[in-house]
Amino acid sequence: MNLDTSVRYLETHEWARKEGDEVVIGITDYAQSTLSDIVYVELPEVGDTLNKGDQFGVVESVKAAADVYIPMSGKVVAVNTALEDAPEAVNEDAFGEGWMLRISPANPAQWDELLDAAAYQKVVDEEEAAGA
Amino acid sequence: MVYIPHTDAERQAMLEAIGVENIEELFWDIPKKFRYPPLNLPDSLSEMETLQELQFLAELNLNTNTTPTFLGAGAYRHWVPSVVDYVISRGEFYTAYTPYQAEVSQGTLQAIFEYESMICDLTGMDVANASHYDGATAAAEAVIQAYNVFRKKRSKIVVAPTVHPHYRQVIHTYTQGMELEIVGGDDPTTTLAQLIELVDDQTACLILQTPDFLGQLHDLAGLADAIHARGKDAQFVVITNPISLGLLKPPGDYGVDTVVGEGQPLGLGLNFGGPYLGFYATRSQYVRQMAGRLVGKTVDIEGKDGYVMTLTTREQHIRRDKATSNICSNQGLMALAATVYMAALGKHGLRKVAELNYHKAHYAAEAIDAVEGFSVVRRNPFFNEFVVRCPAPVDEINAFLLDALEGVEIIGGYDLAQDYPHLANAMLVAVTEMNSRYEIDLLAEAFNAFVD
């Protein structure tokens, strides 16, 4: 499992990365490997306003359809339209090319509520242990 | 043969396991007086006696095989080639439940794939699903698709008043709770231009039927552009009669977004109202918002053709509580019947059927128009159904037709006053390839007798 130490995490397996005043969001490498081959990503529209914890889309794989949640409140300023034709980018590069949306955060302080890599690793370990 | 597999001993063991004395105790919470009400049934009959009794009762009904029939209004009496029932009755296909498991259901899946392909050809659309319950539910699903395409942000739906009244009801039923604003009214004289004026940037779709409930054909040229422009890409949904597409340019050629309709005319009997078949075709960019399921063609690891269920994006097993459609199946056997029908007729056969419908209906319109007191409404061109203004309430005329001519009973047309109060004394007359010239002349003669 790849962990990116430069991003923060949500227990539900989304990540957030600060880029200037904006925040880029995707799902974790662990999430993509659990879902297996991703065939479709449904994303919100640019201009939508979402609150922390809101569902922002659906990731559909050959195994399941998973709802995905937004780690911070904010307004959507961009979505990764490349995923329409190439959803496999999420499998190949969950923290990079597989990004999903970019928001302008409404409450930047929410960043501090997110998990760091070590805390997220613990969440994953616990889930793995429960699953095994 | 014992049909219930449990023995008394097994039942007793199960009752003991859950600590209940007898089976009646399982129903303790149903008030006693409702538990075993006396049914007062007559004595049982043998199979022979039962069939004779049912045959006797059935013969009290008029049936459309032997009675000249001019009733349509959404369900049509067409010739069903014998091959249709032969194929769908085969044990491999004839099951109560459509099997989708690819390992054991290649025949069923291939038939669905062929059905989808034929519907795409017929409608001129990119993608067709495996089918819906009937035309009405397919129309409602098209509304929900449009609503989802705009991510539930547009709540206005324009429904032409000449869409089948039952379809309009089902659209209301299916969209309860979505807080949609369904406009269009029920005045059948509303023009297309007036309808398009109702479209705005909060409109998810406009639904038009052609031939419409009154049989009228609408020119689709330019409509999609007008709706897309006025409604900022609001969808244009067309409900159509598949037989009419044997003669007419497919709606897909006019830039329509979704085409749906009742598949009953394609080789299904009238069947006392069902089971019927809803066909549904749309553009490939909306496939994720489409209800129902798609069967696709693929290759297995040995490179051989195979058919699998490819997409079920709106269904409960994949979307759980976020599912946006309650259909998790298709009308398998009816879709198969339509497939066999279309395959048996082919392109030329379907055109021939459509032509026969068109020409016979127009012959009938002339014949009826010539009867004093009766006149055919000719606001628009029509396909195989048209409105006749009558000199008396339609139910009176229909009662007369059952007894008008010596030894001949005729099933008349549909009484439009049931759905359009201001269309009193208006009869919707359907004519298909099944109506001989003799039958049509009989109808005109009976109308004449009514006036006399």
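Where in chain B does B:Ser105 lie? B:Ser105 is found in the loop between α4 and α5 (106-123) of chain B, where helices (H or I, at least four residues) and strands (E, at least two) are DSSP runs numbered from the N terminus. The model is a predicted one, in which local features need pLDDT of at least 70 and side-chain atom pairs count only at pLDDT 80 or more, while totals for chains, interfaces and linings use all residues. Residues are numbered from 1 along each chain as its sequence is written, chains are lettered from A and ligands numbered from 1 in the order in which they are written, and side-chain values use heavy atoms, with hydrogens and water left out.

With a relative accessible area of 4%, B:Ser105 is buried, a word that stands for under 20% relative accessible area, whereas exposed stands for over 50% and partly exposed for what lies in between (1.4 Å probe, protein chains only). Once its neighbours within four places in sequence are left aside, B:Ser105 is in contact with B:Pro99 and B:Tyr100, contact being heavy atoms within 4.5 Å.

Another buried position of chain B is B:Val295, at 3% relative accessibility, which belongs to strand β8 (residues 294-299) of that chain. Its contacts, again leaving aside neighbours within four places in sequence, include B:Leu109, B:Ile112, B:Phe113 and B:Glu116, as well as B:Tyr307, B:Val308, B:Met309 and B:Thr310. B:Val295 and B:Glu116 are 179 residues apart in sequence, and their C-alpha atoms are 8.0 Å apart in space.

Residues up to four places away in sequence not being counted, A:Val79 touches A:Leu43, A:Pro44, A:Val46, A:Trp99, A:Met100 and A:Leu101.

Helix α4 of chain A (residues 117-131) has 15 residues and reaches 21 Å from its first C-alpha to its last, close to the 21 Å expected at 1.5 Å a residue, the expected span being 1.5 Å times one less than the number of residues. Its buried residues include A:Ala117, A:Tyr120, A:Val123 and A:Val124. Seen down the axis of α4(A), the buried residues fall within an arc of 120 degrees, so they line one face of the helix; the arc is that of the directions from the helix axis to the C-beta atoms. An α-helix has 3.6 residues a turn, so residues three or four places apart point the same way. The buried residues of α4(A) pack against β1 (8-9) and α1 (29-35) of chain A, while the face turned away from the buried side carries the exposed residues A:Ala118, A:Lys122, A:Glu126, A:Ala129 and A:Ala130.

Charged side chains come next. Side chains of opposite charge can pair when their charged atoms come close, and a salt bridge is here a side-chain nitrogen of Lys or Arg within 4 Å of a carboxyl oxygen of Asp or Glu. By this rule the count comes to 16 salt bridges over all chains. One of them brings together the side chains of A:Glu45 and B:Arg151, at 3.8 Å from N to O. A:Glu45 lies in the loop between β4 (38-42) and β5 (49-50) of chain A and B:Arg151 in the loop between α6 (135-149) and β2 (156-159) of chain B, so the pair joins two chains. A:Glu45 is partly exposed at 33% relative accessibility, and B:Arg151 is partly exposed at 32%. A network of salt bridges links A:Glu45, A:Asp48, B:Arg151 and B:Lys153.

Within chain B, B:Glu439 forms a salt bridge with B:Arg77, the closest N and O atoms being 3.3 Å apart. B:Glu439 lies in helix α13 (residues 437-451) and B:Arg77 in the loop between α3 (47-60) and α4 (82-88), so the pair ties together parts of chain B that are 362 residues apart in sequence. B:Glu439 counts as buried at 13% relative accessibility, and B:Arg77 counts as buried at 8%.
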